[in-house]
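Here are a few friendly notes to read alongside the model. Take them one at a time, and keep the structure open as you go.

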Amino acid sequence: MRRTLWEGVRGICFDLGGTLVRPESEPTTGQVAQLLGISLEEARAVMEQGAKRRRITPEDLARDLAAAFRRPALVGPLTHVLERARQRAAEPELFPDAKPALNLLRERGFALFALTNSLGSSIPAEPPQAFRNLLDRVIYSAETGAVKPEREAFAAVEHASGLGPDHLLHVGDSPRADVAGAAAAGWYTAWLDRRMAGGPLMTSARTVRLHTLTTLPLLLPAGPAPAPATTSEASR
């Protein structure tokens with residue numbers, strides 16, 4: 001019998017933006033940086049310290065940012081950018097390869113999750129229609145207080161799924177937040193590099209580099225590994 005790469009995997013977790021969801025040509029944090037006249041790196045650091053770790057309305061986040069950078073006149077433009085981001089999060093545009101791959105993995109019986117470093121102002125009031133029947137749950141950093149690549153972010157998925165690191169695979173497009181973070185947590189990892197040409201490439205004993213989600217089901221077994229027997233079951 002042909003062995004597949006991730007024989008022990010029972011649950012698969014995906015990043016959202018850049019992995020399942022098409023990002024905007026200019027991400028929200030980049031638009032905020034332009035309005036405030038700061039670097040993208042500075043804007044990312046500010047968001048990771050606060051706005052990606054708690055729920056907040058677009059209006060309140062706009063006021064906080066305008067006050068922090070002493071730009072009160074920018075409350076309106078910042079609110080507009082953040083409101084648009086929340087609307088996009090409620091109606092995400094999936095990559096063409098996302099839904100077929102998720103449907104196939106769902107049919108095989110894998111538990112499916114998404115883990116995203118999301119602004120607290122962008123969390124939809126209800127789970128997006130695009131993910132219904134495709135994912136068991138979307139886990140937002142603003143709900144857990146932890147952002148990838150922090151160990152606590154991946155622990156939130158372990159808690160939600162009831163699975164340990166050796167039974168989980170994370171798929172994402174960020175080498176730092178997704179690949180390095182999940183690998184440090186002891187997970188299997190797949191780096192989705194949509195710019196890469198060619199087939200899958202093994203980059204370590206537990207990490208594969210892909211250029212499309214279409215390849216992912218081919219590397220997984222026909223179904224999830226059976227749950228390990230409990231002590232009482234094993235003794236029967």
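1. Let us begin with the words used for residue classes. Ala, Val, Leu, Ile, Met, Phe, Trp, Tyr, Cys and Pro count as nonpolar, Asp, Glu, Lys and Arg as charged, and the others, Gly among them, as polar. Please also keep in mind that this is a predicted model.

2. Now turn to the largest pocket, where the space comes to about 1300 Å³. It is lined by 37 residues, and those closest to its centre are Gly17, Pro23, Pro27, Thr116 and Asn117. Two or more lining residues come from each of helix 1, helix 2 (40-51), helix 4 (75-90) and helix 8 (175-184). Which helix gives the most to this lining? Helix 8 does, with four residues. By class, the lining of the largest pocket has 14 nonpolar, nine polar and 14 charged residues.

3. Next, have a look at Asp15, which sits in the loop between strand 1 (11-14) and helix 1 (28-36). Is Asp15 buried or exposed? Asp15 counts as buried because its relative accessibility is 7%, and buried means under 20%. The side chain of Asp15 makes a polar contact of 3.0 Å with the side chain of Thr19. Leaving aside residues up to four places away in sequence, Asp15 touches several others, including Lys148, His170, Asp173 and Asp178.

4. In soluble globular proteins, nonpolar side chains tend to be buried together. The largest nonpolar core here has 33 residues, and Trp6, Ile12, Phe14, Leu20 and Leu169 touch the most other members. Helix 5 (98-108) and strand 2 (111-116) are among the elements that each supply at least two residues of this core. Helix 5 gives the most, with four residues.

Key: Residues numbered from 1 in each chain as written. Predicted model: local features only at pLDDT ≥ 70, side-chain atom pairs only at ≥ 80, totals over all residues. Heavy atoms only, no water. Buried < 20%, exposed > 50% of the residue type's maximum accessible area, 1.4 Å probe, protein only. Polar contact = N/O pair within 3.5 Å; in protein donor to acceptor, adjacent residues only side chain to side chain. Contact = heavy atoms within 4.5 Å. 1 Å grid on protein atoms, 1.4 Å probe; cavity = no way out; pocket = protein on both sides within 12 Å on 5 of 7 lines; lining within 4 Å. Points joined across faces, edges and corners; volume = space filled by probe spheres on them. Core = buried A, V, L, I, M, F, W, Y, C linked by side-chain atoms within 4.5 Å.
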